[in-house]
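Try each task before you read its solution.

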Amino acid sequence: MSIQYDEAARLFHLKTKNSSYQMKADSVGTLLHLYYGEAVTSDMSYLIRYTDRAFSGNPYVQRNSRCYSLDILPQEYAGSGVGDYRLPAIQVIAENGSRSVDLTYEGCKIFRGREALTDLPYVRGGGEEETLEITLSDPVIGLRVLLYYTVFEEEDVIVRSAKIVNQSEKPIYLEKAASACIDFPCGRYDLMHFHGRHCMERQAERMTLPNGVASFGSRRGMSSHHSNPFVILCDKNCTENAGSCYGFMLMYSGNHLEEAERDQMGSVRMVAGIHPDGFSWLLNPGDSFQTPEAILSFSASGLNGLSGQYHRLLQKRVIPAKFQHTKRPVLINSWEAAYFDFNAEKILRFARSAKELGMEMLVLDDGWFGHRNDDTSSLGDWTVNEEKLGCSLKTLSEQIHALGLRFGLWFEPEMISEDSMLYQAHPDWALKDPDRKPTIGRNQMVLDMSRPEIVDYLFAAISAVLDHAQIEYIKWDFNRSVANFFSAGLPARRQGELAHRFILGTYRLLDRLLKRYPDLMIEGCAGGGGRFDAGMLFYCPQIWCSDDTDAIERLEIQRGTSYGYPVSAMGSHVSASPNHQTGRAVPLHTRGIVAQSGTFGYELSPEGLPDAEKKEIRNQIAAYHQYSDLIAQGRYYRLNELDSSEDFSAWMFVSEDQSEALVNLVMTHIRANGPLPFIKLCGLSAEKAYRLEGTDQVFSGAALMHGGYSFPLPFGDYAASQLHFLETTIE
């Protein structure tokens, strides 16, 4: 069993394949966190030290024991206002104005499987997992908190969430509701987070956890380009391939907050959940609130080991089952090829050229609807501009299919233009404060997704387009941060619920569309990677990684993304050179190698390419078909350390049976008479022999991993190499 409960000791032991998680309810009823780390068999209660600390008060029932204080004890779900001055997991305002929450253990329940969440994305169960439900309560204010722990033993993952229930006869305002809270009693840690901006998302930063609080989050109405809802706590000596580390991933696409506090005793508390700024949820008597899920994982084999655990879980348990093993079509997107300047004739020319080069899908991006020829109008008017196209979308899609290509289409459902028929008819559907001019981003406002009638409208409008034409793919965009969080559909006392209700509306729309069109593949996008999170992956098997298509910038973006998210989910394309975002010139060969480590496609005009580039593109597509299963389903390893001063970036893929490996290296700085690029491979079988494809060279796995491999001295800007190793026998 993956969950063991010692009723006499009130001790819980959660076991995955390689880790243990322990907690217990003490004699007072405080749910104490004991241990999370490598697998153990002992009762880890001995780690709790009761110490008298000045200015750390004592609960009334322990008023004669100055060594017992909530301010210094490691807890599973910290209350607030009752003597623990560290980060709280929950904050409320009772009807009388009291802000105190004192949670004590009430009981537990263990069951096989898990309960699916109705309004939120969740880690899908297979029936073999086990779930622990722990009940905490505060009888003074009539609040009950149900803590859920689902153990995915083989994946080395524990999924946490909380349900807060008002059992009183009076209303309670919920002001903070974390999904997970966990205390580490001792140890010196580094903290990794993934910051960024539009066109440079998920930049990995590792820092020594300071005394005090470090926090990362988003108030932008989406998980954001600026701070991903995923952090890593790691030992000081943790590297890519050795050392202990912990991951905390929030399965949520809206406002979020991840907090870490190192307290006066050197203990560390991690708290993750919905961002409390601006959040307030009215719980009337009998009401409950379900938090998003937090995905926890521990690795004793370094950051690559932790990443692999998240990759396998997301691929197996989060991404829709239909697309978990589906080979993605090689697509060409019209955006950087044409922007708003196109008609059906031009798109069909692109399609013919793309088909000739071996591409399999054409995606028509922004500009096909309303009277939209730039970004100033028509969002919300999801009717085809047949005057611009010169034909119906049905006709265009049929002609593209007749060429042997599939067809995809761009939408931005959650947005509305002031210059649109929808806004003229329903100005109150846009988020905006009464009597205040709204904040405008990219010439657009944001629809109030909390309102069911707006979700109904969008479902009907998008369905009408999908029913009219042959469309296998949607690119779902979200091109601005949300401001003016005010809904004309909510009373004043519930405006604090808007940000969460907004993202629930988006999830509801995605869910309805996928139930109606089960074969439809949706690629998430938010100005590129502004909503790259596990919540969106529940609906979208892939997400456009960044609007920055510069291959050298993408090395950093895709590396940072890889710490938590699988390559099979990363939208990545070969774009034109010089690049449209940076002006950088990069060889086509290198652009192809970088884009292959994602959902491979093209973001350039296929017309008029030189013969040499056409040949290279055909070779790239052939290589993608050869390696696609290895890349999408194999184990991914970063071969540089984060703080490496090397002049190259290297990464590799290894098949599950360790019979095949693909090694990629891109030079980021070329030097005269420089050192040879040298790497040690990962993930191979030490006992096996591997032949380098295209040569007679044979190496043992042990040699490649411990002795390494030297590449020839490169020449020219941003040179790249790709090596394919296959298991062989030594005669």
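A polar contact is a pair of N or O atoms within 3.5 Å; within protein, one of the two must be able to donate a hydrogen and the other to accept it. Keep in mind that the model you are looking at is predicted.

**Exercise 1.** Describe the surroundings of Ser378: where is this residue found, and which partners does its side chain reach?

Solution. Start with the location: Ser378 sits in the loop between strand S22 (361–364) and helix H4 (386–389). Next, check the accessibility: Ser378 counts as buried because its relative accessibility is 0%, and the buried class is under 20%. Now look for polar partners. The Ser378 side chain reaches the backbone nitrogen of His371 at 2.9 Å, a distance within the 3.5 Å cut-off. A polar contact also joins the side chains of Ser378 and Ser377, at 3.0 Å. Then widen the view, leaving out residues up to four places away in sequence: Ser378 touches Phe369, Gly370, His371, Arg372, Ser417, Asp419 and Ser420. Finally, inspect the backbone: phi of Ser378 is near 80 degrees, a positive value in a residue other than glycine.

**Exercise 2.** Find another non-glycine residue with positive phi, Arg442, and decide whether Arg442 is buried, partly exposed or exposed.

Solution. The phi of Arg442 is about 50 degrees. Arg442 belongs to the loop between helix H6 (421–425) and S25. Its relative accessible area is 27%, so Arg442 is partly exposed.

**Exercise 3.** Work out how helices H7 and H8 pack: what is the angle, and which kinds of residue make the contact?

Solution. First the geometry: H7 (residues 452–468) and H8 (residues 498–516) pack at about 35 degrees, and their axes are 10 Å apart. The crossing of H7 past H8 is right-handed. Second, the residues: H7 contributes Val455, Asp456, Leu458, Phe459, Ile462, Ser463 and Asp467, while H8 contributes Gly505, Arg508, Leu509, Arg512, Leu513 and Arg516. Third, sort them by type: six are nonpolar, two polar and five charged.

**Exercise 4.** Classify two aromatic pairs, Trp368 with Trp382 and Phe600 with Tyr602.

Solution. The whole structure holds 40 aromatic pairs. For Trp368 and Trp382, the centres are 5.9 Å apart and the planes are at 35 degrees, giving a tilted pair. Both residues lie in the loop between S22 and H4, so the pair ties together parts that are 14 residues apart in sequence. Trp368 and Trp382 are both buried. For Phe600 and Tyr602, the centres are 5.3 Å apart and the planes are at 70 degrees; this pair is edge-to-face, because the angle is over 60. Phe600 is buried at 0% relative accessibility, and Tyr602 is buried too, at 0%.

Definitions and conventions. Residues are numbered from 1 along each chain as its sequence is written. Side-chain values use heavy atoms; hydrogens and water are left out. Helices (H or I, at least four residues) and strands (E, at least two) are DSSP runs, numbered from the N terminus. Buried means under 20% relative accessible area, exposed over 50%, partly exposed in between (1.4 Å probe, protein chains only). Contact means heavy atoms within 4.5 Å. Axes are lines fitted to C-alpha atoms, for helices over the stretch in contact, and angles run from 0 to 180 degrees between N-to-C directions. A crossing is left-handed if the near helix is turned anticlockwise from the far one by less than a right angle, and right-handed if clockwise. Ala, Val, Leu, Ile, Met, Phe, Trp, Tyr, Cys and Pro count as nonpolar, Asp, Glu, Lys and Arg as charged, and the others, Gly among them, as polar. Rings of Phe, Tyr and Trp (its six-membered ring) pair if their centres lie within 6.5 Å; planes under 30 degrees apart count as stacked, over 60 as edge-to-face and the rest as tilted.
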